[in-house]
Amino acid sequence: VDYSPFLGIEKGAVLQEARVFNDPQLDPRRCSQVITKLLYLLNQGETFTKVEATEVFFAVTKLFQSRDMGLRRMVYVIIKELSPSADEVIIVTSSLMKDMTSKTDMYRANAIRVLCRITDGTLLTQIERYLKQAIVDKNPVVASAALVSGIHLLQTNPEIVKRWSNEVQEAVQSRAALVQFHALALLHQIRQNDRLAVNKLVSSLTRGSVRSPLAQCLLIRYTSQVIRESTNDTQTGDRPFYDFLEGCLRHKAEMVIFEAARAITELNGVTSRELTPAITVLQLFLSSSKPVLRFAAVRTLNKVAMSHPTAVTNCNIDMESLISDQNRSIATLAITTLLKTGNESSVDRLMKQITNFMSDIADEFKIVVVDAIRSLCLKFPLKHRSLMNFLSNILREEGGFEYKKAIVDSIVILIRDIPEAKESGLLHLCEFIEDCEFTYLSTQILHFLGIEGPKTSDPSKYIRYIYNRVHLENATVRAGAVSTLAKFGAMVDGLKPRIFVLLRRCLFDNDDEVRDRATLYLNTLGGDGAVVETDDGVKEFLFGSLDVPLVNLENSLKNYNPSEKAFDINSVPKDVKTQPLAEKKATSKKPTGLGAPPPGP
C-alpha cells in the first residue's frame with residue numbers, strides 16, 4: 001500500500017504550523033511544507049472559516065520578504081487558491097505589481113497569473129498597459145502567462161480583453177510554440193461571434209504562417225468549423241479549405257496529421273474520394289510503435305466504419321494484427337471495426353479470433369463486442385448459427401449483470417428478426433436459465449418464452465425447462481414460471497391437459513404469489529384443460545401481449561383514484577417520455593431487447 005505523507009493531517013494542527021510564516025528568520029523549506037499541507041486540505045474539500053482564511057492570507061503575504069524562488073512560487077499558488085476578498089486583495093496588490101515589473105521572468109509570469117485571477121475590473125484597467133506589454137514580451141513564459149490570463153479574463157471582462165487584439169495578433173506570429181498556440185486560442189475567442197472575422201483569420205493563417213504543431217491543430221479545428229458553416233450556405237461541389245486539410249496530412253508532426261485526418265472523416269457528406277487520403281494515413285498509424293497513435297487511428301476508423309464501411313476495408317489486415325494488441329482498448333476497437341467492415345466469408349475466421357480474446361477483457365469491452373456481433377448477425381442472417389452459438393457459449397461463462405443482459409438482449413433481437421434463429425435461440429435461453437444467478441434475467445426470459453415458445457413447431461420441448469424453475473428457483477422466478485406455463489396451456493391445444501396437471505402441483509407451493517397465480521390460471525383455463533368462456537378482457541390481460549410500456553402502466557396505476565369507474569388500460573399512454581441513457585444511445589428507432597413489446601402479427 002502506498003504511504004501518503006499527508007495521511008491523518010488535521011486542519012487545526014496545520015493552522016498552528018502556519019505561525020512559522022510570522023517568524024523573524026523565515027525557514028523557506030519549512031514554510032513551503034506548511035503551504036503544501038494547506039493546499040492539500042483545500043483540494044480535499046476542507047473549508048476554512050472567514051477568520052481562518054484571512055489569518056492565513058495575511059501570514060502568507062509576509063513571505064514576500066523571502067528571496068527564495070521555490071517559496072515565492074508556493075506563495076503565488078496559495079494566494080490563488082485562497083481567493084482573497086476585494087478588501088484583502090489591496091494588501092497583496094503592491095507586492096504582485098512589483099513582481100510583475102521585476103527583472104526575474106519567473107516572478108513576472110506568475111505575478112501576472114495571480115493578479116488576473118484575484119483582481120476586479122477596476123484594478124485591471126490600472127495594470128492593462130503591463131499586460132499588453134507582456135503579451136509581446138520576448139520571454140515565451142511571460143507572454144504565455146499574459147495570453148492564458150486573457151483567455152480567463154474574457155469570461156469576466158470581455159471589453160477590456162478585446163482591446164488587446166493588435167498585441168494578440170502580433171503574438172500569433174511568435175516563433176515560440178506555446179505562445180503561438182495560446183495567442184491563436186485567445187484571438188479566436190475574441191472574434192468567435194463575428195463569423196466574417198473568423199473566416200478572415202482562417203484564410204490568412206492557412207497560407208502557412210503557423211509553425212507550432214499545437215496551434216496548427218487549433219487551426220484545423222477552426223477550419224473545420226468554417227467548412228461546416230460554409231457548406232450549409234453553398235450548394236456547390238467544391239469545399240473551401242479542403243486542400244489545406246489534405247495538405248496537413250503531410251505535416252511532420254503526428255498530432256497535426258491525425259487532427260487533419262479526423263477533421264476530414266467528420267466532414268458533412270464526405271465523399272469516398274475525400275476520405276481516401278485520410279484513411280491512408282490512419283492505416284499507417286495502425287502499425288505505429290506508439291500505443292496512443294494506434295488507439296487514435298483505430299477509434300477514428302471505428303467511427304468511419306459506421307457510415308462508410310467499404311472505405312475502411314483496406315485496413316482490415318492491419319486491424320486483424322491489433323486483435324492481439326497488449327492494450328485491450330485498441331484490441332476491442334479493432335474487433336468491433338472488423339465486425340462492421342467484414343464480409344460474410346470472414347465471419348468464421350473472426351469468430352475464432354474473438355473467442356480467445358474475450359476472456360482477457362473487462363465486461364465493459366465485452367458488451368461493445370456483443371453489440372457488434374449482433375449487428376453483424378443482422379447484416380448476414382445466413383451466419384446466424386455460428387454467431388448464435390458464440391453468444392450462447394459466452395453466456396455460460398462468468399460475467400456481471402450488464403454483460404449477461406447485453407447477450408440475452410442480443411439473442412432476443414436475433415430471435416425476433418431472423419425467423420430461422422428462433423428455435424435454436426430459445427433453446428439457448430432455456431439452457432441459460434438453468435444456471436442463471438440473476439432473478440431479473442430469469443423472469444424476463446420466462447416472459448419472452450411465454451410469447452415466442454408457443455409459436456414454434458414443437459412447443460413441448462420447452463416445458464421441462466420452465467417447470468424446473470418452479471422447483472429450483474426463488475419465489476419471484478417460480479411465479480414467473482407459473483405464468484409462462486399458463487400461456488403455453490392457453491395457446492397450444494395439445495399441451496392444455498399437461499399444463500393443468502403441472503399447475504395443480506403449484507397449488508402446494510409455500511409462496512402466496514405462486515399459489516395465487518396457479519389458482520387464477522387454473523380457474524381461467526378450466527378443469528378440463530380448455531379456456532373457460534370468461535370475459536375476453538380477462539383472457540387478453542392474462543395471456544395477451546401487453547402493448548404499453550411498464551413504466552407508463554405503473555405511473556397510471558399510481559395516479560388512479562379508486563372509484564366506481566374501473567381502471568381502463570387503454571388510458572395508459574404508449575409513448576415513453578423519458579428514456580434511460582442506454583436506450584438514447586441506441587441507433588435503432590424501434591425498441592429492442594427484453595424490455596420491448598413483441599411485434600404484431
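Tutor: A crossing is called left-handed if the near helix is turned anticlockwise from the far one by less than a right angle, and right-handed if it is turned clockwise. The model you see is predicted, so local features need a pLDDT of at least 70 and side-chain atom pairs count only at pLDDT 80 or more, while totals for chains, interfaces and linings use all residues. Residues are numbered from 1 along each chain as its sequence is written, and side-chain values use heavy atoms, with hydrogens and water left out.

With that in hand, look at helix H27, residues 463-472, and helix H28, residues 475-491, whose crossing is left-handed; they pack at an angle of about 145°, and their axes are 7 Å apart. Helices here are DSSP runs of H or I with at least four residues, numbered from the N terminus, and the axes are lines fitted to C-alpha atoms over the stretch in contact, with angles from 0 to 180 degrees between N-to-C directions. On the H27 side, Ile463, Ile466, Tyr467, Arg469 and Val470 meet Val477, Arg478, Ala481, Thr484, Leu485 and Phe488 of H28, where contact means heavy atoms within 4.5 Å. Sorted by class, the contact of H27 with H28 has 8 nonpolar, 1 polar and 2 charged residues; Ala, Val, Leu, Ile, Met, Phe, Trp, Tyr, Cys and Pro count as nonpolar, Asp, Glu, Lys and Arg as charged, and the others, Gly among them, as polar.

Helix H6, residues 105-118, and helix H8, residues 140-153, pack at an angle of about 5°, with their axes 8 Å apart. That angle makes H6 roughly parallel to H8, a term used for angles under 35 degrees. In their contact, Asp105, Arg108, Ala109, Ile112, Arg113 and Cys116 of H6 meet Val141, Val142, Ala145, Ala146, Val148, Ser149 and Leu153 of H8, and the residues of the contact of H6 with H8 divide into 9 nonpolar, 1 polar and 3 charged.

Helix H15, residues 254-265, and helix H17, residues 291-307, also pack at an angle of about 5°, their axes being 10 Å apart. That makes H15 roughly parallel to H17. Glu254, Phe258, Arg262 and Thr265 of H15 make this contact with Leu293, Ala296, Ala297, Thr300 and Val304 of H17, and the residues of the contact of H15 with H17 divide into 5 nonpolar, 2 polar and 2 charged.

To follow a single side chain within a helix, turn to Leu426, which is found in helix H25, residues 422-433. Leu426 counts as buried because its relative accessibility is 0%, buried being under 20% relative accessible area, exposed over 50% and partly exposed in between, with a 1.4 Å probe and protein chains only. Leaving aside residues up to four places away in sequence, Leu426 touches Ile415, Phe448, Leu449, Glu452, Gly453, Thr456 and Tyr462. For one of these, Leu449, the C-alpha atom is separated from that of Leu426 by 7.2 Å, although the two are 23 residues apart along the chain.

Methods
Helices (H or I, at least four residues) and strands (E, at least two) are DSSP runs, numbered from the N terminus. Angles under 35 degrees count as roughly parallel, over 145 as roughly antiparallel, 65 to 115 as roughly perpendicular and the rest as oblique.
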